[in-house]
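This briefing is written for someone meeting the structure for the first time. Please look at the sequence and the model below before reading on.

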Amino acid sequence: MDVEVSATDRKTFEEFEDTVASFEEVIEFRRMYGRPDYFLRVAVADHAAYEAFLTGRLSGLPAVLRLESHLTMKKIKANN
């Protein structure tokens, strides 16, 4: 998931990062150069759980400007 934030101050960025890092659904969390501001990898049980996470937890955070999801249709190859 790509996340863009509306924050321009350090305190808001730090609060956003602390909050999102604490979500158990978030298994990878990176701050990026340029756009998007952040990349998140989220692991949930199904699409309903993803929607609940997205609408109930992430999209309500004050700093969030835009969210863009990338859901896997099919895993073709993975380095496991």
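The model is predicted, so to speak of local features a pLDDT of at least 70 is needed, side-chain atom pairs count only at pLDDT 80 or more, and totals for chains, interfaces and linings use all residues. Residues are numbered from 1 along each chain as its sequence is written, and side-chain values use heavy atoms, with hydrogens and water left out.

**Salt bridges**

- A salt bridge is taken here as a side-chain nitrogen of Lys or Arg within 4 Å of a carboxyl oxygen of Asp or Glu, and by this rule the count comes to eight salt bridges.
- Glu4 pairs with Arg66 in a salt bridge whose closest N and O atoms are 3.6 Å apart; the pair links distant parts of the chain, 62 residues apart, with Glu4 in strand E1 (residues 2-5) and Arg66 in strand E4 (residues 64-68).
- The helices (H or I, at least four residues) and strands (E, at least two) named here are DSSP runs, numbered from the N terminus.
- Glu4 counts as buried at 15% relative accessibility, whereas Arg66 is partly exposed with a relative accessible area of 47%; buried means under 20% relative accessible area, exposed over 50%, and partly exposed in between (1.4 Å probe, protein chains only).
- Arg57 forms a salt bridge with Glu25, with 2.9 Å between the closest N and O atoms, and this pair links distant parts of the chain, 32 residues apart, since Arg57 lies in helix H2 (residues 47-58) and Glu25 in the loop between H1 and E2.
- Arg57 is partly exposed at a relative accessible area of 35%, while Glu25 counts as buried at 16% relative accessibility.
- Salt bridges that share partners join Glu4, Arg35 and Arg66 into one network.

**The largest pocket**

- A pocket is an open set of points on a 1 Å grid over the protein atoms alone, where a 1.4 Å probe fits, with protein on both sides within 12 Å along at least five of seven lines, and its lining residues have an atom within 4 Å of a point.
- The lining of the largest pocket has 16 residues, of which Arg41, Val42, His70, Leu71 and Thr72 lie nearest its centre.
- Strand E3 (38-42) and H2 are the elements that give two or more residues to this lining, and the largest share, four residues, comes from E3.
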